[in-house]
Amino acid sequence: MQIELLSSSHHYQIQPDEAKKIFNHVENDMNDDPYSDEGTYYFLLNFYLKEYLLEHTDFNFILDICHLGKTYYKYIFDQFLNIFPEILNALKTRSHFTIDMIEQGWDNYYHFTFNDGFYLIHATNIYGADVGKNETIKIDDALFIFYQIKNTFLNLIQRHLNDDFYQIYKKYLYIEDE
């Protein structure tokens, strides 16, 4: 299994007016939705952040799970960010989780089932049909991979955005709970 967030080393830094524009987009979209809540806020922020990263950096998000080959998901990275706190929590509590990478014709669901110190990974497509070959990974290896993604993501935020974004995502990913 390979799950990796890559980013370039160039140091493009967001300008204050660009940061304000992202926050204004989120605020305006939330004002348009009378049912907005904290989940909506992060959903929108994740979308605008992904768009910003696509436009200004060389980041990429790669999955190679269940022997299906490398798939590049940078265009729907926000979808992963939407469930990333749940994944981190599931890893802490040794519970099951699913990485849902179904979006406009993109690939699969990756189901992680915890059992006796290991995760069994099973992939299905949008129709529920099995794809690939089941994989097993030790909990310590899964923790290493997902915490490496978290750290790489936070470094990416710190390098290209301002402290406001860093603090928001530090809270979002439960950094103070560790």
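I call a residue buried under 20% relative accessible area, exposed over 50% and partly exposed in between, with a 1.4 Å probe and protein chains only. This is a predicted model, in which local features need pLDDT of at least 70 and side-chain atom pairs count only at pLDDT 80 or more, while totals for chains, interfaces and linings use all residues. I number residues from 1 along each chain as its sequence is written, and my side-chain values use heavy atoms, with hydrogens and water left out.

**Entry 1: aromatic pairs**

I started with Tyr 169. Its relative accessible area is 0%, so Tyr 169 is buried. Tyr 172 also counts as buried, at 10% relative accessibility. I take helices (H or I, at least four residues) and strands (E, at least two) as DSSP runs, numbered from the N terminus. Both tyrosines sit in helix α5 (residues 163–172); they are three residues apart, which means a separation of about one helical turn.

Next I looked up the rings. I pair rings of Phe, Tyr and Trp (its six-membered ring) if their centres lie within 6.5 Å; planes under 30 degrees apart are stacked, over 60 edge-to-face, and the rest tilted. I found 18 aromatic pairs in the structure. In one of them, Phe 97 and Phe 112 have ring centres 4.4 Å apart and planes at 15 degrees, so I logged the pair as stacked. Phe 97 is in strand β4 (residues 97–100) and Phe 112 in strand β5 (residues 109–115), so this pair links distant parts of the chain, 15 residues apart. Phe 97 and Phe 112 are both buried. Tyr 169 and Tyr 172 make an edge-to-face pair, at 5.8 Å centre to centre and 85 degrees between the planes.

**Entry 2: Thr 124**

I then turned to strand β6 (residues 118–124), where Thr 124 is found. At 9% relative accessibility, Thr 124 is buried. I listed its contacts (heavy atoms within 4.5 Å). Leaving out residues up to four places away in sequence, Thr 124 touches Asn 108, Tyr 109, His 111, Ala 129, Asp 130 and Val 131. Thr 124 and Tyr 109 are 15 residues apart in sequence, yet 5.3 Å apart in space, C-alpha to C-alpha.

I also checked how β6 pairs, which takes at least two DSSP bridges between two strands. β6 and strand β7 (residues 130–138) pair in the antiparallel sense over six bridges. Ala 123 stands opposite Val 131 in β7. The two strands, β6 and β7, form a hairpin with five residues between them, and Gly 128 in the turn has a positive phi of about 85 degrees.

**Entry 3: salt bridges**

My cut-off for a salt bridge is a side-chain nitrogen of Lys or Arg within 4 Å of a carboxyl oxygen of Asp or Glu. I found three in the structure. Glu 38 bridges to Lys 171, with the closest N and O atoms 3.7 Å apart. Glu 38 lies in helix α2 (residues 38–56) and Lys 171 in helix α5, so the pair ties together parts 133 residues apart in sequence. Lys 171 is partly exposed, at 47% relative accessibility.

Lys 50 meets Glu 51 at 2.9 Å, N to O. Lys 50 also meets Asp 78, at 3.5 Å, N to O. This second pair links helix α2 with helix α3 (residues 77–93), 28 residues apart. Lys 50 and Asp 78 are both buried. Through shared partners, Lys 50, Glu 51 and Asp 78 join into one network. Glu 51 is partly exposed, with a relative accessible area of 33%.
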